[in-house]
Amino acid sequence: MTGTAAAEPRLLDPRLARRIAATLLPGFVGTTLPGWLEQRLRDGLGGVCVFGPNIVSAEQLRALTDAIYAANPEAIVAIDEEGGDVTRLHYATGSPYPGNAVLGRLGDAERTERVAARVGAELRAVGVNLDFAPDVDINSNPDNPVIGVRSFGVSPEVVAEQGAAWVRGLQSAGVAACAKHFPGHGDTAQDSHLALPVVDLSAAELRERELVPFRAAVEAGTRTVMTSHILLPQLDAALPATFSHPIVEGLLRGELGFDGLVVTDALDMLGASGERGIPEAAVLALAAGCDLLCLGTENTDEQLTAIVAAVADAIATGRLSTGRVEEAAARVIGLAGELRAEPAPTQADSAPTAGASAVDAEEARAVVPAFELADTARSWLGEGRTASSVVRLETVANIAVGTAPWGPFAETATGTDDDAATAFAALPIAVVTEDAAAPLGLPDGPVLVIGKDNHRHTFARETIDRLRAERDDVLVVDMGWPADDRRYADIATFGASRLLGRALLDLLGPGS
């Protein structure tokens with residue numbers, strides 16, 4: 001985290017203090033509500049963002065959200081649950097949902113709406129009322145390190161249709177959707193968690209591609225939109241989108257007609273606060289027209305003190321108007337009130353299931369048509385080959401995904417005992433990482449190589465090339481977004497959720 005602590009102004013008007021607080025959405029450390037955060041909520045804090053490490057079980061999460069609402073009934077409780085590689089409800093076990101890229105490839109908007117409604121029912125059951133989904137970025141750059149399979153596809157029309165379906169499904173369960181990352185994070189080769197990406201597109205080019213899904217999400221009624229920490233020099237040469245009045249007020253509100261809640265991507269990301277600190281980032285985001293400031297994952301009382309002080313000082317010096325803060329706070333409180341009034345889910349939909357919920361066998365079979373198989377894979381399957389060993393290419397996941405279990409490794413770790421899972425779990429597995437690409441010492445026989453975004457990682461390419469040079473019985477699976485030439489993807493699954501891991505095991509058959 002960046003930014004320095006400062007004392008809140010002693011003479012700060014109590015009403016203004018509550019209005020500033022209402023715009024803030026911190027994360028925290030732990031699985032129970034800390035005392036400092038409870039007091040902040042009582043003092044009008046806008047809400048809390050829950051992450052994977054904050055969750056142990058559905059029951060624990062429900063107790064946590066109950067404590068949040070007891071402190072502030074008008075709180076927003078937000079989460080990043082995209083229903084695929086990015087999961088918080090199933091952070092310990094891997095997601096039982098397919099993920100956006102697979103849904104986009106299946107092209108069934110009704111299916112997507114049903115999946116989103118199930119995610120929404122899970123969230124509502126554990127007390128979450130805002131989901132930072134769907135991701136409606138167009139994955140136009142296969143080297144994108146942070147979007148990839150989080151995207152519904154490369155076509156504006158497909159992403160628009162699928163994103164709108166997700167919005168409808170999620171919000172049918174009484175959970176607010178959030179179309180992200182405005183005005184589009186798909187055409188980047190950098191991760192805004194770690195740097196400030198530049199997207200050098202004109203407004204006309206954005207209208208033809210990036211803005212198409214956002215317009216569809218707005219028309220579908222998304223209650224919130226999340227900004228991105230990317231620089232679009234042809235629209236604003238000085239400030240990234242989150243801090244850009246022309247982008248937030250001009251493009252999103254003016255051109256797209258969005259009148260809901262604008263939320264920032266996390267301000268602890270280097271693309272936002274790396275050069276200025278979180279307090280100054282908060283001031284700039286509010287001035288640009290953002291309403292709810294997502295602060296990060298492990299915020300502290302001292303940080304919030306510094307942020308409130310910076311916003312109050314900006315008002316006192318004329319950099320920020322009281323009216324802008326009042327407007328932002330009113331939107332946050334208004335949305336929370338609307339969500340609180342949403343009808344409760346039916347009993348059938350309300351059972352908490354966060355955690356190791358079983359993967360649906362029928363759903364696993366249904367996603368296989370989204371996989372892409374090269375001739376090598378078709379030959380392998382046609383000949384009934386089974387692997388004698390597995391090479392697991394363990395890349396460092398981006399911060400959005402985190403360390404959630406993935407693919408068939410997630411499925412077998414839950415103790416699934418059918419023939420395919422049991423046989424796979426019994427295979428010797430050689431784990432290869434960027435720091436440990438040692439000789440593999442594999443036994444004779446067919447080798448199954450499984451990784452994510454294989455083409456983007458030098459050690460993964462070198463490992464695959466070496467294996468293929470040494471033997472002719474290698475099958476490579478890419479559970480990320482493969483390169484256009486598919487050189488390192490005999491099977492491309494377009495996602496690594498636990499459901500897709502189950503589907504892959506079923507496709508390969510007993511013994512894999």
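In this predicted model, C178 stands opposite T224, a residue of strand β6. The two strands concerned, β5 and β6 (residues 224-227), pair in the parallel sense over three bridges. Strands of a sheet pair through backbone hydrogen bonds, in either a parallel or an antiparallel manner.

This pairing belongs to a wider arrangement. Three strands form an open sheet, ordered β5-β6-β7, with parallel pairing. Its edges are β5 (178-182) and β7 (261-263), each of which pairs on one side only. From one strand to the next, the twist averages 25°. Helix α8, comprising residues 211-219, lies across β5 and β6 and runs at about 155° to β5.

The cysteines may be considered next. A disulfide is a covalent bond joining the sulfur atoms of two cysteines. With a cut-off of 2.5 Å between sulfur atoms, the count of disulfides in the model comes to zero. C49 is in no disulfide, because the nearest cysteine sulfur, that of C294, is 4.6 Å away. C290 is likewise in no disulfide, the nearest cysteine sulfur being that of C178, at 11 Å. Are C49 and C290 buried or exposed? C49 counts as buried because its relative accessibility is 0%. C290 also counts as buried, since its relative accessibility is 0%.

At the level of the whole chain, the domain assignment gives domain 1 (14-341) and domain 2 (361-508). The C-alpha centres of domain 1 and domain 2 lie 32 Å apart. Where the two domains meet, 34 residues of domain 1 are in contact with 33 residues of domain 2. About 2600 Å² is buried between domain 1 and domain 2, and carbon and sulfur atoms give 58% of this area. Which three residues supply more than any other three of the area that domain 1 buries against domain 2? They are D85, Y91 and R105, which together supply 23% of that area.

Along the chain, G441 and F152 are 289 residues apart, and their C-alpha atoms are separated by 39 Å.

Note on methods. Residues numbered from 1 in each chain as written. Predicted model: local features only at pLDDT ≥ 70, side-chain atom pairs only at ≥ 80, totals over all residues. Heavy atoms only, no water. Pairing = 2+ DSSP bridges. Helix = DSSP H or I, 4+ residues; strand = E, 2+ residues; numbered from the N terminus. Axes fitted to C-alpha atoms, helices over the stretch in contact; angles between N-to-C directions. Contact = heavy atoms within 4.5 Å. Buried < 20%, exposed > 50% of the residue type's maximum accessible area, 1.4 Å probe, protein only. Domains from an automatic or database assignment. Buried area = accessible area lost by both parts, 1.4 Å probe.
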